[in-house]
Amino acid sequence: MQLTENFSLSEFDCNDGSKTPQSVIDQLEKVADNLQVLRKYLGKSIQVNSGYRSPSYNVKIGGASKSQHVLGNAADIVVEGYTPKQVFDVIELLQERGEMSVGGLHAYKTFVHYDIRGHFARW
């Protein structure tokens with residue numbers, strides 16, 4: 001199932017192989033819509049390392065107890081040729097311009113976490 005021009009639902013499937021529940025697909029589409037804005041701005045493809053997580057998989061990998069991934073609100077991403085800090089900075093710019101939804105954002109060592117929780121969050 002295609003969510004946007006460049007993102008399919010399968011890219012956001014849980015890494016444990018479980019089926020993505022219908023209840024989170026609308027949220028994943030909103031995440032994909034935002035990532036599509038980022039992709040267009042950067043002109044580079046975006047790799048989704050982690051999108052939806054089943055509750056059991058989230059526990060297994062030590063995810064936050066109230067993880068936005070479980071709700072279908074988040075993606076951990078990598079953009080080839082960009083450091084996580086550079087991607088973080090571009091997302092903040094696009095949020096300031098009102099082009100991407102404000103939510104949770106963090107640059108880890110090897111990837112960026114982005115979510116659409118509905119309020120500003122940084123850690």
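Good morning. I begin with helix α3, which has 13 residues and reaches 18 Å from its first C-alpha to its last, close to the 18 Å expected at 1.5 Å a residue. The expected span is 1.5 Å times one less than the number of residues in the helix. Helices (H or I, at least four residues) and strands (E, at least two) are DSSP runs, numbered from the N terminus.

Before going further, a word on the source: this is a predicted model, in which local features need pLDDT of at least 70 and side-chain atom pairs count only at pLDDT 80 or more, while totals for chains, interfaces and linings use all residues. Residues are numbered from 1 along each chain as its sequence is written, and side-chain values use heavy atoms, with hydrogens and water left out.

To return to α3, which of its residues are buried? They are Pro84, Val87, Phe88, Val90, Ile91, Leu94 and Gln95. Buried means under 20% relative accessible area, exposed over 50%, and partly exposed in between, with a 1.4 Å probe and protein chains only. Seen down the axis of α3, the buried residues fall within an arc of 165 degrees, so they line one face of the helix. The arc is that of the directions from the helix axis to the C-beta atoms.

What covers the buried residues of α3? The cover includes α1, β2, β3, β4 and β5, where contact means heavy atoms within 4.5 Å. After α3 comes Gly98, with a positive phi near 80 degrees.

I turn now to the sheet. The five strands form an open sheet in the order β1-β2-β4-β3-β5, and the pairing is mixed. Two strands pair if DSSP finds at least two bridges between them. At the edges stand β1 (47-50) and β5 (121-122), each of which pairs on one side only.

Helix α1, residues 22-42, packs on this sheet and touches β1, β2 and β4 (112-115). The direction of α1 makes about 30 degrees with that of β2. Helix α3, residues 84-96, also packs on the sheet, touching β2, β3 (104-107), β4 and β5. For α3, the direction makes about 155 degrees with that of β3. Axes here are lines fitted to C-alpha atoms, for helices over the stretch in contact, and angles run from 0 to 180 degrees between N-to-C directions.

Let us take the pairings in turn. Strands β1 and β2 (residues 74-78) run antiparallel and are joined by three bridges; Ser50 stands opposite Asp76 in β2. Between β2 and β4, also antiparallel, there are four bridges, and Ala75 faces Tyr114 in β4. Three bridges link β3 and β4 in the antiparallel sense, with His106 opposite His113 in β4. A hairpin of four residues connects β3 to β4. Within β4, Val112 and Tyr114 point one way and His113 and Asp115 the other, and all are buried.

The next topic is the core. A nonpolar core is a set of buried Ala, Val, Leu, Ile, Met, Phe, Trp, Tyr and Cys residues joined through side-chain atoms within 4.5 Å. The largest one has 30 residues, and those with the most contacts inside it are Phe12, Leu35, Leu38, Ile77 and Ile91. The elements giving two or more residues to this core are α1, β2, α3 and β4, and α1 gives the most, with eight. Not counting residues up to four places away in sequence, Phe12 touches a set that includes Leu28, Leu35, Val48, Tyr52 and Ala75.

Tyr52 lies in the loop between β1 and α2 (55-60) and counts as buried because its relative accessibility is 6%. Beyond its neighbours within four places in sequence, Tyr52 contacts residues including Phe12, Asp13, Cys14, His69 and Gly72.

Gln36, in helix α1, is buried, with a relative accessible area of 16%. Leaving aside neighbours within four places in sequence, Gln36 is in contact with Thr4, Glu5, Asn6 and Phe7.
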